[in-house]
Amino acid sequence: MQLHLSAAGYEVHAAADAIAGGYLVLRTPPDLIICDVNMPHMDGFEFIAALKSDKSIPNIPVIFLTSFDEGDYRGKELGVVGYLTKPVRADRLLALVAQHVAGGAHPIG
């Protein structure tokens, strides 16, 4: 995903887990977050709920990366704007990102 997004002109910052992702978001809030549901330390649902509960963080569009059926239901509760299922198709990834990010974006992938 990072390769496809970078080739399309997006600046991408990747995080290995929710803790590293949280630091990235706090340091420089991105234009978009692509969040895997299955992560170490806390799952994507917990991570996005924690971000949304912090009023110092702006409202950032979130796309969940998931192979789980529950992603749709639980994601709607968190205001998730889209879903990508594994394996991710590059055309679907780029189309979904383009819907939610203007030029010069800084998505986290």
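Mentor: Two strands pair if DSSP finds at least two bridges between them; the strands themselves are DSSP runs of E with at least two residues, helices are runs of H or I with at least four, and both are numbered from the N terminus. The model is a predicted one, in which local features need pLDDT of at least 70 and side-chain atom pairs count only at pLDDT 80 or more, while totals for chains, interfaces and linings use all residues. Residues are numbered from 1 along each chain as its sequence is written, and side-chain values use heavy atoms, with hydrogens and water left out.

Along the sequence the elements follow the pattern α-α-β-α-β-α-β-α, which amounts to five helices and three strands. The three strands make an open, parallel sheet in the order β1-β2-β3. Its edges are β1 (33-36) and β3 (82-85), each of which pairs on one side only.

Strand β2, residues 62-66, joins β3 in the parallel sense through four bridges. Within β2, F64 stands opposite Y83 of β3. Helix α3 (residues 44-53) lies across β1 and β2 and runs at about 145° to β1. Helix α5 (residues 90-100) also packs on the sheet, touching β1, β2 and β3, and its direction makes about 170° with that of β3; contact here means heavy atoms within 4.5 Å.

What aromatic pairing does the structure hold? There is one aromatic pair, where rings of Phe, Tyr and Trp (its six-membered ring) pair if their centres lie within 6.5 Å, with planes under 30 degrees apart counted as stacked, over 60 as edge-to-face and the rest as tilted. The centres of the F45 and F64 rings are 5.0 Å apart and their planes stand at 70°, so this pair is edge-to-face. It links distant parts of the chain, since F45 belongs to helix α3 and F64 to strand β2, 19 residues apart.

Are these two residues buried or exposed? F45 is buried because its relative accessibility is 3%, and F64 is buried at 0%; buried means under 20% relative accessible area, exposed over 50% and partly exposed in between, with a 1.4 Å probe and protein chains only. For the protein as a whole, 39% of the 109 residues count as buried.

Definitions and conventions:
Axes are lines fitted to C-alpha atoms, for helices over the stretch in contact, and angles run from 0 to 180 degrees between N-to-C directions.
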